[in-house]
Amino acid sequence: TWLIDNNYVYRANGGLRPYMEYTEAGKGYFTLKDTHNANNSWSGQQMYITVKSKEVFRKQLQEEMILV
């Protein structure tokens, strides 16, 4: 919920989606990959957090005293 509360991502179609400014085209915090599950024929996009964003989020969480 921290990512939603801080306006990095939003809920859409039962999943999380990053706001455009934080995708590869923007600050590069998230990537979206097309994926398919052969077992149940599901296909869609999965959101991944980049190495760059891990450091940014870690610093913000420490500043907010959420992460020690």
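**Chain architecture and the largest pocket**

Among contacts (heavy atoms within 4.5 Å) between residues at least 6 apart in sequence, 25% join residues at least 24 apart. The model is predicted: local features need pLDDT of at least 70, side-chain atom pairs count only at pLDDT 80 or more, and totals for chains, interfaces and linings use all residues. Residues are numbered from 1 along each chain as its sequence is written, and side-chain values use heavy atoms, without hydrogens and water.

The chain holds 2 helices and 4 strands, taken as DSSP runs (helices H or I, at least four residues; strands E, at least two) numbered from the N terminus. Their order along the sequence is α-β-β-β-β-α. The radius of gyration, over C-alpha atoms, is 14 Å, well over the 11 Å that the globule rule (2.2 Å times the number of residues to the power 0.38) gives for 68 residues, so the chain is more spread out than a compact globule. The C-alpha trace spans about 45 × 25 × 20 Å along its principal axes.

Strand S1 (residues 9-12) pairs with S2 in the antiparallel sense over 4 bridges; pairing requires at least two DSSP bridges. Ala12 faces Gly15 in S2. The two strands form a hairpin with 2 residues between them, and Asn13 in the turn has a positive phi of about 50 degrees.

Residues lining the largest pocket include Ala12, Asn13 and Gly15. S2 (15-18) and S4 (42-49) each supply at least two lining residues. S4 gives the largest share, 5 residues.

Key:
On a 1 Å grid over the protein atoms alone, a cavity is a set of points where a 1.4 Å probe fits but cannot get out, and a pocket is an open set with protein on both sides within 12 Å along at least five of seven lines; lining residues have an atom within 4 Å of a point.
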